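These are my notebook entries on a single structure.

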Amino acid sequence: QVQLVESGGGLVQAGGSLRLSCAASGRIFSINAMGWYRQAPGKQREVVAGITSGGSTNYADSVKGRFTISRDNAKNTMYLQMSSLKPEDTGVYYCNARVVINYGSFEYDYWGQGTQVTVSS
(Lines give C-alpha, C1' and ligand atoms only; values in the text may rest on other atoms or scores of the structure.)
Protein backbone atom coordinates (compact mmCIF):
# COMPACT_ATOMS: atom_id res chain seq x y z
CA GLN A 1 0.00 0.00 0.00
CA VAL A 2 0.88 3.66 0.00
CA GLN A 3 1.52 5.87 3.01
CA LEU A 4 1.53 9.66 3.12
CA VAL A 5 3.19 11.28 6.11
CA GLU A 6 2.89 15.00 6.79
CA SER A 7 5.28 16.97 8.96
CA GLY A 8 6.13 20.57 9.77
CA GLY A 9 3.02 21.74 11.53
CA GLY A 10 3.09 23.66 14.77
CA LEU A 11 2.24 26.84 16.61
CA VAL A 12 3.25 30.16 15.07
CA GLN A 13 2.36 33.79 15.60
CA ALA A 14 0.40 35.73 13.01
CA GLY A 15 2.71 36.94 10.28
CA GLY A 16 5.03 33.98 10.72
CA SER A 17 5.93 31.13 8.41
CA LEU A 18 5.81 27.35 8.37
CA ARG A 19 6.83 24.74 5.84
CA LEU A 20 4.83 21.54 5.58
CA SER A 21 6.12 18.37 3.97
CA CYS A 22 4.29 15.30 2.71
CA ALA A 23 6.33 12.20 1.97
CA ALA A 24 4.81 9.33 0.03
CA SER A 25 6.13 5.79 0.36
CA GLY A 26 5.15 2.25 -0.47
CA ARG A 27 3.99 0.71 -3.70
CA ILE A 28 4.28 3.64 -6.09
CA PHE A 29 4.68 3.55 -9.84
CA SER A 30 3.95 7.24 -10.29
CA ILE A 31 2.12 10.07 -8.59
CA ASN A 32 -0.20 12.28 -10.57
CA ALA A 33 -1.81 15.29 -8.91
CA MET A 34 -1.06 16.13 -5.29
CA GLY A 35 -2.70 18.65 -3.05
CA TRP A 36 -3.02 20.20 0.36
CA TYR A 37 -6.33 20.49 2.17
CA ARG A 38 -7.21 21.89 5.56
CA GLN A 39 -10.01 21.57 8.05
CA ALA A 40 -10.72 24.17 10.69
CA PRO A 41 -12.72 23.30 13.81
CA GLY A 42 -16.40 23.04 12.98
CA LYS A 43 -15.83 23.51 9.27
CA GLN A 44 -15.64 21.28 6.24
CA ARG A 45 -12.35 20.26 4.71
CA GLU A 46 -11.29 22.68 1.97
CA VAL A 47 -8.69 22.65 -0.72
CA VAL A 48 -5.68 24.89 -0.15
CA ALA A 49 -3.45 24.21 -3.13
CA GLY A 50 -2.80 21.63 -5.81
CA ILE A 51 0.07 20.66 -8.08
CA THR A 52 0.24 18.38 -11.11
CA SER A 53 3.04 15.97 -11.88
CA GLY A 54 4.33 18.54 -14.34
CA GLY A 55 4.42 21.29 -11.75
CA SER A 56 1.33 23.30 -12.64
CA THR A 57 -0.17 24.82 -9.52
CA ASN A 58 -3.40 26.32 -8.31
CA TYR A 59 -4.41 27.93 -5.04
CA ALA A 60 -7.46 28.83 -3.04
CA ASP A 61 -8.10 32.57 -3.24
CA SER A 62 -7.57 32.86 0.51
CA VAL A 63 -3.92 31.77 0.28
CA LYS A 64 -2.80 33.19 -3.07
CA GLY A 65 0.36 35.20 -2.73
CA ARG A 66 1.10 33.78 0.73
CA PHE A 67 1.45 30.01 0.19
CA THR A 68 3.62 28.16 -2.31
CA ILE A 69 3.15 24.51 -3.21
CA SER A 70 5.98 22.49 -4.71
CA ARG A 71 7.04 18.89 -5.14
CA ASP A 72 10.15 16.79 -5.64
CA ASN A 73 9.13 13.92 -7.88
CA ALA A 74 12.41 12.07 -7.30
CA LYS A 75 11.65 11.98 -3.58
CA ASN A 76 7.85 11.53 -3.88
CA THR A 77 7.54 14.53 -1.59
CA MET A 78 5.35 17.61 -1.68
CA TYR A 79 5.80 20.84 0.23
CA LEU A 80 3.71 23.81 1.29
CA GLN A 81 5.57 26.97 2.19
CA MET A 82 3.22 29.15 4.20
CA SER A 83 4.07 32.79 4.85
CA SER A 84 2.24 35.76 6.34
CA LEU A 85 0.12 33.34 8.30
CA LYS A 86 -3.18 34.49 9.72
CA PRO A 87 -5.27 33.09 12.57
CA GLU A 88 -7.83 31.94 10.01
CA ASP A 89 -5.18 29.61 8.55
CA THR A 90 -5.48 27.51 11.70
CA GLY A 91 -6.55 23.94 11.13
CA VAL A 92 -5.45 20.41 10.41
CA TYR A 93 -3.61 20.23 7.11
CA TYR A 94 -3.90 17.06 5.06
CA CYS A 95 -1.98 15.99 2.00
CA ASN A 96 -3.58 14.09 -0.83
CA ALA A 97 -1.98 12.16 -3.66
CA ARG A 98 -3.36 10.35 -6.67
CA VAL A 99 -1.09 7.36 -7.04
CA VAL A 100 -0.64 4.85 -9.82
CA ILE A 101 0.63 1.66 -8.20
CA ASN A 102 1.33 -0.34 -11.34
CA TYR A 103 1.98 0.46 -14.98
CA GLY A 104 -1.35 0.80 -16.75
CA SER A 105 -3.46 0.71 -13.59
CA PHE A 106 -5.94 3.30 -12.43
CA GLU A 107 -4.88 5.99 -10.02
CA TYR A 108 -5.91 5.66 -6.39
CA ASP A 109 -6.59 8.44 -3.91
CA TYR A 110 -4.53 8.52 -0.70
CA TRP A 111 -4.58 10.83 2.31
CA GLY A 112 -2.14 11.60 5.07
CA GLN A 113 -3.07 11.62 8.74
CA GLY A 114 -2.93 15.41 9.01
CA THR A 115 -0.71 17.90 10.80
CA GLN A 116 -1.97 20.66 13.07
CA VAL A 117 -1.22 24.28 12.22
CA THR A 118 -2.15 26.87 14.82
CA VAL A 119 -1.69 30.58 14.19
CA SER A 120 -2.02 32.80 17.23
CA SER A 121 -3.06 36.44 16.99
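Entry 1. I worked on a predicted model. I looked up the torsion about the S-S bond of cysteine 22 and cysteine 95; it is about 55 degrees, so the disulfide is right-handed. Where do the two cysteines lie? I found cysteine 22 in strand E3 (residues 18–26) and cysteine 95 in strand E9 (residues 91–100), so the pair ties together parts that are 73 residues apart in sequence. I then checked the distance between the sulfur atoms of cysteine 22 and cysteine 95, which is 2.2 Å. A pair of cysteine sulfur atoms counts as a disulfide within 2.5 Å, and by this rule I counted 1 disulfide. I noted for reference that a disulfide is a covalent bond between two cysteine sulfur atoms.

**Entry 2. Burial of the pair.** Is cysteine 22 buried or exposed? Its relative accessible area is 0%, so I recorded cysteine 22 as buried. For cysteine 95 I also read a relative accessible area of 0%, and cysteine 95 is therefore buried. The cut-off that I applied for buried is under 20% relative accessible area.

**Entry 3. The sheet that holds E3.** I next traced the sheet around strand E3. It is an open sheet of 4 strands in the order E1-E3-E8-E7, and the pairing is antiparallel. Which strands stand at the edges? They are strand E1 (2–7) and strand E7 (67–72); each has a single partner strand, so one side of each is left without a neighbour in the sheet. On average, neighbouring strands of this sheet are turned by 15 degrees against each other, with direction ignored.

**Entry 4. Partners of E3.** I went through the pairings of strand E3 in turn. E1 and E3 run antiparallel and are joined by 6 bridges. Serine 7 has serine 21 in E3 opposite to it. E3 is also joined by 6 bridges to strand E8 (residues 77–82), and these two strands run antiparallel. Arginine 19 stands opposite glutamine 81 in E8.

**Entry 5. Glycine 35.** I located glycine 35 in strand E4 (residues 30–39). Its relative accessibility is 4%, so glycine 35 counts as buried. Which residues does glycine 35 touch, leaving aside those up to four places away in sequence? I listed Ala49, Gly50, Ile69, Met78, Tyr94, Cys95 and Asn96. Cys95, on that list, is the cysteine whose sulfur forms the disulfide with cysteine 22. I also checked glycine 35 against glutamine 116: they are 81 residues apart in sequence, and their C-alpha atoms are 16 Å apart in space.

**Entry 6. The whole protein.** How many helices and strands does the protein have? I counted 0 helices and 11 strands, and along the sequence the pattern reads β-β-β-β-β-β-β-β-β-β-β. The radius of gyration is 14 Å, close to the 14 Å that the globule rule gives for 121 residues, so the protein is as compact as a globular protein of that length. Along its principal axes, the C-alpha trace spans about 50 × 25 × 25 Å.

**Entry 7. Contacts and surface.** Of the 121 residues, 40% count as buried. Among contacts with a separation of 6 or more, I found that 56% come from residues 24 or more positions apart. The protein exposes about 6,500 Å², of which carbon and sulfur atoms supply 48%.

Methods
Residues are numbered from 1 along each chain as its sequence is written. This is a predicted model: local features need pLDDT of at least 70, side-chain atom pairs count only at pLDDT 80 or more; totals for chains, interfaces and linings use all residues. Side-chain values use heavy atoms; hydrogens and water are left out. Buried means under 20% relative accessible area, exposed over 50%, partly exposed in between (1.4 Å probe, protein chains only). Two strands pair if DSSP finds at least two bridges between them. Axes are lines fitted to C-alpha atoms, for helices over the stretch in contact, and angles run from 0 to 180 degrees between N-to-C directions. The radius of gyration is taken over C-alpha atoms; the globule rule is 2.2 Å times the number of residues to the power 0.38. Contact means heavy atoms within 4.5 Å. Accessible areas come from the Shrake-Rupley method with a 1.4 Å probe; for residues, only the protein chains shown count as cover.
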